[in-house]
Every structure is written in structure tokens, then in C-alpha cells.
Amino acid sequence: MRIDTAEIRRVVMPLISPWRTAYGEDAAIHSVLVRLGSDGVEAWGEACPLYAPTYSPESALGVYETCREFLLPRLVGQELAAPADVASRIGIFKGNPFAKAAAESAWWALDSKRRGLPLWRALGGTKPEVLCGQDFGVQDRIDDLLALIAGAVAEGYPRIKLKVKHGWDIEVLQAVRAAFPKTVFHVDCNSGYDLHSDWETLRSFDRFNLAMIEQPLADTDLIEHAELQRRIATPVCLDESIKGPRDFRLALKIQACRVVNVKPGRVGGLHNAVQIHNMARDAGVTAWVGGMLESGVGVGICGALATLPGFTYPADMFPSRRFYRHDLTDPEIEFDGRCHFRLGERPGVGFEPVPERLEAVTVARHSFAA
Ligand code: MG
């Protein structure tokens, strides 16, 4: 298909309450949406790198400018029949996986919509249903967290992920495990620990029978994660460290993880995400899909990816109402029975931005025509 038009928007979506992790606090989610058009059909993609370069080296400002200045001018007016065509047009640029994913996910959205296929089918998903877990960020008090966990357990979530950081880790886990001895938990460290200076803490995580410890060490590291995995029993899950299929190949080579969290934004788009899914399946490594608190567009994209059969651990995706008073999309993201995200048969992503709602949160925009 020939790309006739493109549009990019940077949006700021206020959260109902701030999201607190090892890298700080976000009161609003800054995201980037890209629309591509061909023959009168239009579709939106999204990549959500957060406001500041705290989760990864990319920021929403950077993603917006990289797409506007470098990526989209190389796509508009081009014949792009397959994901490889998109990659070959933008692959000359180093890094910037979130920026590439913003553009590339719009290509998938448009291509699947034009073919009359829901995105999850276009990606090779087998059933339009994703089992999701529950996540809790850092709270003010342990009792607040215990109350939240009690609610999630009562609602039947299949697993609970806890954000940890220095000063909110071992003591918290002791209290959590004492109160909930059988619940499946894992911790996400968001690169907050050091193998050497934090060794006693890292070793202590083994006491809590965790499903995994997610991204304990630096976002640029693979080698020390491999060393940590040799020294602890809890499976190491890599998130920030895997920025594309090549990183994952290296991680497998040195056994740096037993689990991988796949986010289309972080790995440069859906084509790369599917490749990592296939590599994990072939290597016997557990894989699951994570999220970045995207709008309904991005959650629809992550959900479509998560329908691939090799994603076996419950995903990180949430109904719109968990974080937003008003999401951008119609329909909003709703779960069935609280932990099942069902995608349906609408062509494309299936969660379209409502023009007025998109307008209300847009802080920058640019349009292109061939
Ligand atoms: Mg993570």
C-alpha cells in the first residue's frame, strides 16, 4: 500500500493518581500517536515512552521530534507492502525504538484495517482474549499496599506485580508474603539495583517464592544479569535491557534471563516483538507482554500482540478506568470478569481515538501529505 498521508500528535493524559516506581513519579502519561492513511483509509498507532527519559533513553518530546523530522518523511509517499519495507525505510536510523514503534504500529493498524482483519489475527494471534495480572506501584504505607492486594486477590487476578525500590523492598515483601502466602507475586525493580552494592537485597528476594524478578540491574546491562541469574534461584526477567531482537539473542546466548517482558514500543515495533516472541518460544523462555499506561490505542496494540500463543504469563494491561477518567478511544478498554481483555473482530486495532477527546489532550501536532 502507498502511504498518502501521515499525522503525528504528542498527547498528555492526566492520570487519576500518580504512578510511582524506582525511577520516579508520573502524574500524567505523555504519549505519541501516529496516523497513516492510504486510499482514504486511516489508522492510528501509538508509542508511549513517558514524559522524561526515565524508563528508557527516549522521552515523549524526543519520540515526537524523531518521528516528525526523520521517520515519517521517509514513509509518506512510499509503497510499503510489508513490515520489512517499513524497517528498511527507517532502519538507517540508530536506536529510537519507541519512535520507530509509533510509526510501525500505525502501519500494522492501517494494513490490517485495509485487509478487514483485526490486528490480533494479522499478527498471528490464536484467540482474541488476553489474561491480565494486577500491578501495584510504590505506596505511602505497607498497609495501603496490603489492602490493595487483598482487593486484587478477592477479584481473582492470576498474579500480582509489585514495584520495588530501595527502602520499599524486603520489609514490604515480608509483610506481603505473611499476609498472602499462596498468591503468585513478582517484583519489578525498574533497573534500581546494583549487583555488588545491593547483593544482600538481591539475594534476599529468593526468600519470597517470587515468579520472577523483573529488570533488577541496569537498563544497559546483560552480563551482570547473567551473573545474577547464576547466583539466585528466582527467574530473572528482562524488560528495559531488551531493546530489540538482537539484544534478546545476546541475552539468550549468555543465559541472562529465564523470562522476557515484551513491549512493542521498547523493542522497535510489532514485527520485532513477534520475532522476540518466536525466539523465546524456541528457547523455552517464558514471555509476556507489558505496557506503558498507553491510551486505548496502545493498549489495543499491546493486547493484539499478547494473543500470540507463546505469551504464557499474564499480561500488564489495564481497563481504561484504572488510570484515566476518560480514555481517548471508543470503545474504551474494558475487561471481562476483571482480568480478561477481549479484543473482538473489529478490523485494525479496534480502539479508535474519539476526535474531540484526542483534541483535548494534544499538545503538539504535525501533518504530512505525499
Ligand atoms: Mg518492567
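This is a predicted model: local features need pLDDT of at least 70, side-chain atom pairs count only at pLDDT 80 or more; totals for chains, interfaces and linings use all residues.

Colleague: Why is L50 called buried?

Modeller: Its relative accessible area is 4%. Buried means under 20%, so L50 counts as buried.

Colleague: What makes the phi of L50 worth a remark?

Modeller: The phi of L50 is positive, about 75°, although L50 is not a glycine. Most residues other than glycine have a negative phi. L50 lies in the loop between β3 (41-47) and α1 (60-71).

Colleague: Why is Q255 called exposed?

Modeller: Exposed means over 50%. Q255 has a relative accessible area of 61%, so Q255 is exposed. Q255 also has a positive phi, about 55°, and is not a glycine. Q255 sits in the loop between α9 and β10 (259-262).

Colleague: Which residues count as donors to the magnesium ion?

Modeller: D188 (OD), E214 (OE) and D239 (OD) coordinate the ion at 2.1 to 2.3 Å. The cut-off here is within 2.8 Å, so these residues count as donors. Their spacing in sequence is D-x25-E-x24-D. D188 is in strand β7 (residues 185-188), and D239 is in the loop between β9 (236-238) and α9 (245-253), so the pair ties together parts 51 residues apart in sequence.

Colleague: Are D188 and D239 buried or exposed?

Modeller: D188 has 0% relative accessibility, so D188 counts as buried. D239 has a relative accessible area of 0%, so D239 is buried.

Colleague: What is the omega of the peptide bond that joins D330 and P331?

Modeller: Omega is about -5°, and the bond is cis. Most peptide bonds are trans. P331 is in the loop between β12 (329-330) and β13 (335-336).

How values were computed. Residues are numbered from 1 along each chain as its sequence is written. Side-chain values use heavy atoms; hydrogens and water are left out. Donors are N, O and S atoms within 2.8 Å of the metal (3.2 Å for Na, K and Ca); water is not among the atoms, so sites may look incomplete. Helices (H or I, at least four residues) and strands (E, at least two) are DSSP runs, numbered from the N terminus. Buried means under 20% relative accessible area, exposed over 50%, partly exposed in between (1.4 Å probe, protein chains only).
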